[in-house]
Amino acid sequence: MSLFTRSHQQSDTTEGGAEPADDAGAVAPGGGSGTEDPDGGKEAAASGDDAGADTEGDGNGDTTAPGPDGDTTAPSPDGDTSARREGDDAGATREAAADQDHTPDAASGASRPGWFGWRRRHPRTARGVSIGTTVLAGLLVLFALLVPNRVERVEFASFVRIPAEGVLLAGLLLALPPRPRRIMAVVTGVFLGLTTVLKFVDMGFYQILARPFDLVLDWILIENATDFLRETFGRTGQVLAVIGVIVLFVAVLVLTALAVVRLTNLMVGHRPVASRTTLILGTAWITCMTLGVQIGGVPVATKGNAEFLGNRVEQVRAGLRDARVFEKQAAVDAFAKTPPDQLLTGLRGKDVLFTFIESYGRVAIDDPAMAPRMDTVLKEGTNSLKAAGFESRSGWLQSPVTGAGSWLAHSTFLSGLWIKNQQRYRSLTTSDRMTLTNYFRKTGAWRTVGIVPGVRRAWPEGKFFGLDHIYDSEHLGYHGPYFSWTPVPDQFSMEAFQRLEHGKKDREPIMAEIILASSHNPWSPIARMIDWEDLGDGSVFHRIKKEGTNPTEVWKDPEKVRTEYRKAVEYSIRSLTEWVERYGDEDTVLVFLGDHQPVPTVTAGDTGKDVPVTIVARDKKVLDRVADWNWTDGLKPAPDAPRWGMDEFRDRFMTAYGPQG
């Protein structure tokens, strides 16, 4: 028997007399509990849980059982007349009786002790548990109606509002006939549970991606999340986490459904009070909405759930339309018909490296707490590169994502299309769209390779990007430890590129896509720079990892997270600039950029999507071709440096280094 259905226990009759009922309600003289029905019928409160009857009570468990003749009558303990329930008029009593299925013997069911006899033995405690359960049900429903879908909006003022949806739902449930009302209560409870789960999912997405969950396009990310759990906590941790999520999901749906059913029974059992309360709350909502009453800057009258669901409906419609919009955009390519010998003529003979630094966003440069150290690192890099004969220019690009989704940023940069979701990514990688790397390969003047240490399993999309050879984490010769998510430290990745491709003699020019992953979340522990001659097979990093921080401890303090993030970005930049100083030459052209901003824990609520982008070359002719871009000298872009969408870079770059550049 559920705690969410409570019935009064009717006293058992014996030869020697009767036990009093365990109800705390008033008892009329002579054993009755009320007054005689005006129509002449007799009725009394049923006391037991009737296994064969479908009853509806007042939310605290008060129910009535129909007698054999259709009236809600039952014999009183002393054989005297019975009475109707206290507080109900004759009409309400007849409706309560109509709500229940008729049984041949109500008294037989009523004689059964509830909760295996516990309620009869401890009536006061049972009454307290019943009231407490009702209070908890009310709090759960109120929480589900009022909880925001963003962590930073969860505050006390958010839970002292009047939800329009709750008022309307109460009125609807009171107006419906018994059977539709029961169905409506269950359906509403389940739907409210689903809405609550979606709000919590939104909280997670806002914390990582700074946007809500997309009901059409984001399901693929669930697989990515489980992969992340496996790689971070192992197979056992992944399985336990998935089971926990499933159990929690089912529990939320069940509890909200039971809570709504219980509150519905309470309202029906106290219809006059419930009706007046609903009317008062409705009037208060209209008044507060009209006057704009607020508590702590939060409006008292809210229709947040209606707006939340309305936004979701529009999001679904937009997601369904997006495929058609993207198809039209992808069909336009200014260089599709350009002959191979007319492509990228300004870079012939050069080694061109497109390098992505994970989570290298504008916050690393602009944030007051990080700026002093980052300024030092970027100035030192600029000066050391100049000493080696290299010049650099920097600007800003706007990424399609923030917090995560590196592959979407990479494909946006290389394809010249705005790849903002997984649906677009899949459409792109199954199309014949030419990427920047494809065009290098099409010329026949470059060997195209990929250094992708973050790839740890089959990556069929790699063929789409036009790479002749891909070196993933298993093929870089690394025998050191993982640094949390990062399989290979950046310095080792750059040295592996030198050993496997760039350092070979009598080779053809190289175009390389390099992804540096050491600045990937959670930024703890992180590697540090060592002498390039000591890298070996990477075993030296076992000792370095032990010297690092514990991610569990770091993530307890947002300021520590921000500090470790800055150190990780510094390490990635040093790995790259030192490689150029050590191995770069007259034919080296380096383009490096961030893929997206870090998670909101680091950006402190900044929703901007800007990332730095830099071109480095020793040959001045290379930089002369982009002089009209008006980028800033050095590795650090000025605050007012040009800012483009990341999807604009491909065409601008190919134009600058084409025949007309």
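Q: Phe440 and Trp446: buried or exposed?
A: In this predicted model, Phe440 and Trp446 are both buried.

Q: Why is the pair of Phe440 and Trp446 called edge-to-face?
A: The ring centres of Phe440 and Trp446 are 4.7 Å apart. Pairing needs centres within 6.5 Å. The planes stand at 75°, and over 60 degrees counts as edge-to-face. So the pair is edge-to-face.

Q: What makes Trp629 and Trp644 an edge-to-face pair?
A: Their centres lie 5.0 Å apart and their planes are at 80°, so the pair is edge-to-face. Trp629 lies in the loop between helix 20 (620–624) and strand 16 (632–633), and Trp644 in strand 17, so the pair ties together parts 15 residues apart in sequence.

Q: Why is Trp629 called buried?
A: Its relative accessible area is 7%. Buried means under 20%, so Trp629 is buried. Trp644, at 8%, counts as buried too.

Q: Which cluster do ring pairs link Trp629 and Trp644 into?
A: Its members include Phe354, Phe413, Phe440, Trp446, Trp629, Trp644 and Tyr657. A search of the whole structure finds 26 aromatic pairs.

Q: How do you know that Val186 is partly exposed?
A: Val186 has a relative accessible area of 39%. Buried is under 20% and exposed is over 50%. Val186 is therefore partly exposed. Val186 sits in helix 6 and belongs to a nonpolar surface patch of about 580 Å². Helix 7 gives the most to that patch, with 5 residues.

Terms used. Residues numbered from 1 in each chain as written. Predicted model: local features only at pLDDT ≥ 70, side-chain atom pairs only at ≥ 80, totals over all residues. Heavy atoms only, no water. Patch = residues over 30% accessible without salt bridge, like charges linked within 9 Å, V, L, I, M, F, W, Y side chains within 5 Å. Areas by Shrake-Rupley, 256 points an atom, 1.4 Å probe, with all protein chains shown as cover. Salt bridge = Lys/Arg side-chain N within 4 Å of Asp/Glu carboxyl O. Helix = DSSP H or I, 4+ residues; strand = E, 2+ residues; numbered from the N terminus. Buried < 20%, exposed > 50% of the residue type's maximum accessible area, 1.4 Å probe, protein only. Phe/Tyr/Trp six-rings, centres within 6.5 Å; stacked < 30°, edge-to-face > 60°.
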